[in-house]
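Visitor: I would like to go through this structure with you. Could we begin with the overall fold and then look at individual residues?

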Amino acid sequence: MRDLASNLKVVQVLGPDSLSADNTPIAIDRGGFETAMLTIGVGVGGITFTNTNKIEFVLTHSDDDVTYVAVTDDDVQGVTGTTGGIVKSLKTAHAAADIIKIGYVGDRRFLKLLADFGGTHGSPTPISVAAVLGNPRLTPVT
């Protein structure tokens, strides 16, 4: 019998932490795995988000972990209207904690997620991000 845990890898990407400014994105290496899903946990907003005072989550991908480009709608599931790699925007009051799931269906090996803070954030917002990698390859990636 195969269990789920043996077919998944979880990578802590960000936090959990309370942020009021951009994070420094880490590279998520999908080497050895066919699929990826990002879970973005956002607590109650530290401010009332607006079109000016906002957080935009920007997903980029790369073949070589050097040159990153923004994902498009064709690269992700669970979001539409991806412009400049923005997969989620917080622009209105965020009164309850939630988790956003973003499926990555692109074919690049490396991913990065930036929590891009715009405007003024006098109080931090709790954020955590994890990547769940699945469907391990039977042959290693070189």
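Guide: Helices (H or I, at least four residues) and strands (E, at least two) are DSSP runs, numbered from the N terminus. In those terms the chain reads β-β-β-β-β-β-β-β-β-β along its sequence, with 0 helices and 10 strands. The model is predicted: local features need pLDDT of at least 70, side-chain atom pairs count only at pLDDT 80 or more, and totals for chains, interfaces and linings use all residues. Residues are numbered from 1 along each chain as its sequence is written, and side-chain values use heavy atoms, with hydrogens and water left out.

Visitor: How compact is the chain?

Guide: Its radius of gyration is 16 Å, close to the 14 Å that the globule rule gives for 142 residues, so the chain is as compact as a globular protein of that length. The radius is taken over C-alpha atoms, and the rule is 2.2 Å times the number of residues to the power 0.38. Along the principal axes, the C-alpha trace spans about 50 × 35 × 25 Å.

Visitor: What share of the residues is buried?

Guide: Of the 142 residues, 41% count as buried. Buried means under 20% relative accessible area, exposed over 50%, and partly exposed in between (1.4 Å probe, protein chains only).

Visitor: And which strands make up the open sheet?

Guide: The open sheet has 5 strands in the order 1-10-3-8-6, with antiparallel pairing. Two strands pair if DSSP finds at least two bridges between them. Strand 1 and strand 6 stand at the edges with a single partner strand each, so one side of each has no neighbour in the sheet.

Visitor: How many bridges join strand 3 to strand 10?

Guide: These two antiparallel strands are joined by 9 bridges. Phe33 has Pro136 of strand 10 as its bridge partner, and Thr35 has Gly134 in that strand.

Visitor: What about strand 3 and strand 8?

Guide: Strand 3 (residues 33-42) pairs with strand 8 (residues 98-104) in the antiparallel sense over 7 bridges. Gly41 is bridged to Ile99 of strand 8, while Val42 stands opposite Asp98 in strand 8. Strand 8 also pairs with strand 6, antiparallel, over 2 bridges; there Gln77 has Gly103 as its partner.

Visitor: Is strand 3 mostly covered or mostly exposed?

Guide: Strand 3 is mostly covered, with 7 of its 10 residues buried.

Visitor: Which residues have the most contacts inside the largest nonpolar core?

Guide: They are Phe57, Leu59 and Val87, in a core of 31 residues. Strand 1 (8-19), strand 3, strand 4 (54-62), strand 7, strand 8, strand 9 (110-118) and strand 10 (125-136) each supply at least two residues of this core. Strand 3 gives the largest share, 5 residues. A nonpolar core here is a set of buried Ala, Val, Leu, Ile, Met, Phe, Trp, Tyr and Cys residues joined through side-chain atoms within 4.5 Å.

Visitor: What does Leu59 touch?

Guide: Not counting residues up to four places away in sequence, Leu59 touches several residues, including Leu38, Val69, Val87, Tyr104 and Leu111. Contact means heavy atoms within 4.5 Å.

Visitor: Changing topic, where is Thr82?

Guide: Thr82 lies in the loop between strand 6 (76-77) and strand 7 (86-90). Its relative accessible area is 13%, so Thr82 is buried. The side chains of Thr82 and Asp73 are joined by a polar contact of 2.6 Å. A polar contact is a pair of N or O atoms within 3.5 Å; within protein, one must be able to donate a hydrogen and the other to accept it, and residues adjacent in sequence count only if both atoms are side-chain atoms. Beyond its neighbours within four places in sequence, Thr82 is in contact with Val71, Thr72, Asp73, Val76 and Val87.

Visitor: And Ile86: how accessible is that residue?

Guide: Ile86, in strand 7, counts as partly exposed because its relative accessibility is 23%. Setting aside neighbours within four places in sequence, Ile86 is in contact with Glu56, Phe57 and Val58.

Visitor: Last one: is His121 buried or exposed?

Guide: His121 counts as buried, at 9% relative accessibility. It lies in the loop between strand 9 and strand 10, and the side chain of His121 reaches the backbone oxygen of Gly118 at 2.9 Å. Apart from residues up to four places away in sequence, His121 touches Ser20, Ile47, Phe49, Asn53, Lys54 and Ile55.
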